[in-house]
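Please look over the sequence and the structure shown here before reading the briefing that follows.

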Amino acid sequence: MAVIFQKPKALTDVKLHYCPGCAHGIVHRLLAEVLEEMNDDKNAIAAVPVGCAVFANKYFNFDAIQCAHGRAPATATGIKRVHPNKLVVTYQGDGDLASIGTAEIVHAAARGEKITTIFINNGIYGMTGGQMAPTTLPGMKATTAKSGRDPKINGNPIRVCEMLSTLDGPAYIERVSVATPAQVTQAKKAIRKALEIQKQGLGFTFIEVVSSCPTNWGLTPVKAMEFVREKMIPYYPLGVYKDITAEEGK
Amino acid sequence: MAKVLMKGNEAVGKAAIEAGCRYFFGYPITPQSEVPEYLSSELPKVGGVFVQAESEVAAINMVYGAAGAGARVLTSSSSPGIALKQEGIGYISNAGLPAVIINMMRGGPGLGTIQPGQADYNMAVKGGSNGDYHDIVLAPASVQEAVNMVMEAFDLADYYGTPVIVLADGLIGQMMEPVEFNYVCKKELSPKTWALTGKGDGEKHMVENLVIEASECEAWNQKHFEKYAKIEANEQAWEEYLMDDAEYAFVSYGTSSRIVRTAISYLRDAGYKVGMIRPKTLWPFPVKAFDKWDKNIKKYLDVEMSMGQMVQDVAYACNDKNKIEFYGRTGGIVPAVDEIVEFGKKVMGGDK
Amino acid sequence: MNTQRICCAGFGGQGTLSMGKILAYAGMLEGHEVSWCPSYGPEMRGGTANCHVIVSDEPIGSPVITRDANCVIAMNQPSLDKFVDILAKGGTLIANADLAALKEDRDDIQVLNVPANTMASQEFGSAKLANIILLGAVIQAISPVKVESVDDAFTHVFGGSKAKFIPDNKKAFEMGFAFAKNNK
């Protein structure tokens, strides 16, 4: 019987612990597919976060290290400097990357550290149970902003791609989503492009994935994807924010 | 190799290179900034990597990554900077990875002062991060000993799979003394087959830190403590100074032990039978030295540049808290020889 | 020789630290135990700068000299006032006479007043080498190390592109040495 669909070899058989409708599973798979297609799962080392993806090391069938909260870009820097010819990837959520780890991501980007960061932005703290994230939208409810985020009280969300694209260190920055099949295809292309640029040693690469958290948003998986399309993406517009390979081609 | 006159901070940098360390991640802070300054120019010459990190927190997490990747790796700082590194030190300890951390201590707490201190004893020896863990803590009293201990630290770290802290102070960092570099690895080290290198055609490697099942986490801790028991059995180190006929013993380490050494010469001239047990390892604390000499000793005179952070360990080691007298200066003050002589005379009285 | 404890003090920029370094280097080249222990921190920027040098045949205990100094070299008045009391009985105070003087008569210590700034300015057009003139005076007065060892130390401390400074340094050293010899 012909196999028409199977798990990428770059994922293990460990059962994912993610909630129904969570996008982590999709993005894990995209990263695994790309690494397998590039024949680079054997050269990959992942730095995984504190957050829902804390066990990503168990799901990835390639080398990985569990990092302290927010520090994956620093830990990945240490790894990449020791193994400059390996593909080093950080996989981080919004609390990890845009709150407690802001310094680490900004400076890894500014140094032009030759790593790839995959940033899952779902606007909420998932693992700890729905607290406000740095990317929680104004008006969006969280257990630490019960009547909805009020910028006057809780401050404003951070648009990370826009912020990092002001720096000279990054080589490629793109914001994608996985809320439609077309977006999934584009997300995969973006991850592949980032890894290829890393392989060429051109600089820091960053892919933000606007994502969902049905459980902590209090929505069904289908409604959550609608929320991504209707509320999240207008605030976090998709697209390429920096691409030095395109600039070179001009 | 002929001796050269070197500042402690530069000498420890060179010692690391001689011991095969090619990676340094750090952040400037007085009085240790010559360590990163020196390594920023010297590491590239030997094909190594120097990164000035954005913070102490980032630096120690870069160390975590490089250690996980199988490298000999160093960071250095001084007290407030080491306080910031505690998170990463705990993670590296929990992962059982080798790394060397130099602390050129200054007076605290908080921002404190930039002058030399020894008030990070508890942070280093008792664990400044969360959870049950120990790191090996080496306490040099001269520039040469700092060099030797940095070299040895890499071997101990690799052998046991643990961070090793070299706990010196601003005086040792800033002082120049003649040094020579003769690195010989005294441990039989196994290849780091566990390191993150990309799995190639083999099995993947993981460096883990979260052990979410409590029973597994406890077992993980117990495994660490089997390792710590071996370290306590094998690695206690101390110097005995004029102990053979001593009825009183100073207990002092690092820079304060240097002042004590001079004070002892004056006290000996005055007829006092006094010596010194100088811990060279603070963890494991050299309990064996006390087992050996305790029956001869009437009182221990603990001298530190802190408010007495080592006293409890001395009390435990001699099993008699009433046998200890303490004298300390803190906040960046190095005690003068006369203060120690007076302290000695007060404790020993006419008991010559 | 048993142990020589020497304190070099002045304000930042007078070269007290390098004077001490040459002394320590010379001691090391002779095979002695040496230590060079500086003051550090904000003091160095415009304030006082001092270093304590010990040359000994035994392992050195306290690298900080708080008593029984054999020699204090004071390049300015605040340094003299601060450190004169750490001299041992019979110890030697060497004062940069242009900027420092002992205020009371003391018969328990030797005092050598060297107008090092004036001497340096006359010979070299600036006071920059006053520290080396004073170093010459120290070596003559208390002989902590041999003259030849200081010569050797110059070649180590002024290596490579700094070698061009050696002749003037040697000249300054000889001037201080001769001054001390003629003003006993």
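**Contacts between chain A and chain B, and links within chains**

Across the interface of chain A and chain B, 4 salt bridges are found, a salt bridge being a side-chain nitrogen of Lys or Arg within 4 Å of a carboxyl oxygen of Asp or Glu. This is a predicted model, in which local features need pLDDT of at least 70 and side-chain atom pairs count only at pLDDT 80 or more, while totals for chains, interfaces and linings use all residues. Residues are numbered from 1 along each chain as its sequence is written, chains are lettered from A and ligands numbered from 1 in the order in which they are written, and side-chain values use heavy atoms, with hydrogens and water left out.

**Interface of chain A and chain B**

- The contact (heavy atoms within 4.5 Å) takes 35 residues from chain A and 32 residues from chain B.
- Chain A and chain B bury about 2700 Å² between them, 58% of it on carbon and sulfur atoms, where buried area is the accessible area (1.4 Å probe) that two parts lose on being put together, summed over both.
- On the side of chain A, the residues that lose the most area to chain B are Asp63(A), Gln66(A) and Arg81(A), together 21% of what that side buries.
- Arg71(A) and Glu87(B) meet through their side chains in a salt bridge of 3.0 Å, N to O.
- Glu208(B) forms a salt bridge with Lys58(A), with the closest N and O atoms 3.0 Å apart.
- Glu208(B) lies in the loop between strand 9 (206–207) and helix 8 (214–234) of chain B and Lys58(A) in helix 2 of chain A, so the pair joins two chains; helices (H or I, at least four residues) and strands (E, at least two) are DSSP runs, numbered from the N terminus.

**Aromatic pairs**

- Over all chains the structure holds 21 aromatic pairs, counted for rings of Phe, Tyr and Trp (its six-membered ring) whose centres lie within 6.5 Å, with planes under 30 degrees apart taken as stacked, over 60 as edge-to-face and the rest as tilted.
- Tyr121(B) and Tyr253(B) form a tilted pair, 5.8 Å centre to centre and with 45° between the planes.
- Tyr121(B) lies in helix 5 (residues 121–127) of chain B and Tyr253(B) in the loop between strand 11 (248–251) and helix 9 (254–269) of chain B, so the pair ties together parts that are 132 residues apart in sequence.
- In chain C, one aromatic cluster is formed by Phe154(C), Phe158(C), Phe165(C), Phe173(C) and Phe177(C).
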